[in-house]
Amino acid sequence: MEQSQKPVVCVDLDGVLNTYDGWRGPEFFHDLRPGADRFLRQLNEAGFAVVIFTVRYTPWVEGWLAQNGLAPLVSAVTDRKPPAHVYLDDRAICFTGDFGQALGEILTFRAHWEADIAGSEHAGLPDQPPA
């Protein structure tokens, strides 16, 4: 994995590249989400450098990427927010300049994978910080 001068796309791991459905411990990694490899390949072909932005332990993430054949498609793994063209995350809200709208979206927010958990004890709040 190497850095480049290409525009950066930061991609979250849990809930984006994998089939995350809730925290199961630091050593548990969910399966690769169908289409994730193709998506990363398309980003590379479009001229972007892909940086995985996650709170998880970097060597374990790099191992998961290698096991799933994604390592050649990723420039770096980090737990710090690097300058980027865009950030792709399952727990993100796009700020449009309107704090009222942002607050409303925050108060009613559910990640795509939480919407499928009826009566979840998560109630929109993860047990652990999302990756």
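Which are the buried residues of helix 3? Let me keep that question open for a moment and begin with what we are looking at. This is a predicted model, in which local features need pLDDT of at least 70 and side-chain atom pairs count only at pLDDT 80 or more, while totals for chains, interfaces and linings use all residues. Residues are numbered from 1 along each chain as its sequence is written, and side-chain values use heavy atoms, with hydrogens and water left out.

The protein chain has four helices and four strands, where helices (H or I, at least four residues) and strands (E, at least two) are DSSP runs numbered from the N terminus. Read from the N terminus on, the elements follow the order β-α-α-β-α-β-β-α.

Now to the question. The buried residues of helix 3 are Val61, Trp64 and Leu65, and buried here means under 20% relative accessible area, with exposed meaning over 50% and partly exposed in between, for a 1.4 Å probe and protein chains only. If you look down the axis of helix 3, these buried residues fall within an arc of 100°, so they line one face of the helix; the arc is that of the directions from the helix axis to the C-beta atoms. On the other side of helix 3 you will find Ala66 and Gln67, which are exposed. The buried residues pack against helix 1, strand 2 and strand 3, and a contact means heavy atoms within 4.5 Å. Just after helix 3 comes Gly69, with a positive phi of about 70°. Ala71 then lies in the loop between helix 3 and strand 3, and Ala71 is partly exposed, its relative accessible area being 21%.

The four strands form an open sheet with parallel pairing, in the order 3-2-1-4, and two strands are said to pair if DSSP finds at least two bridges between them. Strand 3 (76-78) and strand 4 (86-88) stand at the edges and have a single partner strand each, so one side of each is left without a neighbour in the sheet. From one strand to the next, the twist averages 25°; axes are lines fitted to C-alpha atoms, for helices over the stretch in contact, and angles run from 0 to 180 degrees between N-to-C directions.

How many bridges pair strand 1 with strand 2? Strand 1 (residues 8-11) and strand 2 (residues 49-53) pair in the parallel sense over four bridges, and the bridge partner of Val9 in strand 2 is Val50. Strand 1 is also joined to strand 4 by three bridges, and these two strands run parallel; here the bridge partner of Cys10 in strand 4 is Tyr87. Along strand 1, Val8 and Cys10 point one way while Val9 and Val11 point the other way, and all are buried.

Helix 2 (residues 36-45) lies across strand 1, strand 2 and strand 4, and runs at about 135° to strand 2. Helix 3 (residues 58-67) lies across strand 2 and strand 3, and runs at about 140° to strand 3.

My last topic is the rings. The structure holds four aromatic pairs, where rings of Phe, Tyr and Trp (its six-membered ring) pair if their centres lie within 6.5 Å, and planes under 30 degrees apart count as stacked, over 60 as edge-to-face and the rest as tilted. One of them is edge-to-face and joins Tyr20 and Trp113, at 4.8 Å centre to centre with 85° between the planes. This pair links distant parts of the chain, since Tyr20 is in the loop between helix 1 (13-17) and helix 2, and Trp113 is in the segment after helix 4 (99-107), 93 residues apart. Both Tyr20 and Trp113 are buried.

Rings can also have a charge over them, which requires NZ of Lys or CZ of Arg within 6 Å of the ring centre and within 35 degrees of the ring normal. The charged end of Arg56 sits over the ring of Phe29, 4.1 Å from its centre, and the charged end of Lys81 sits over the ring of Tyr87, 4.9 Å from its centre.
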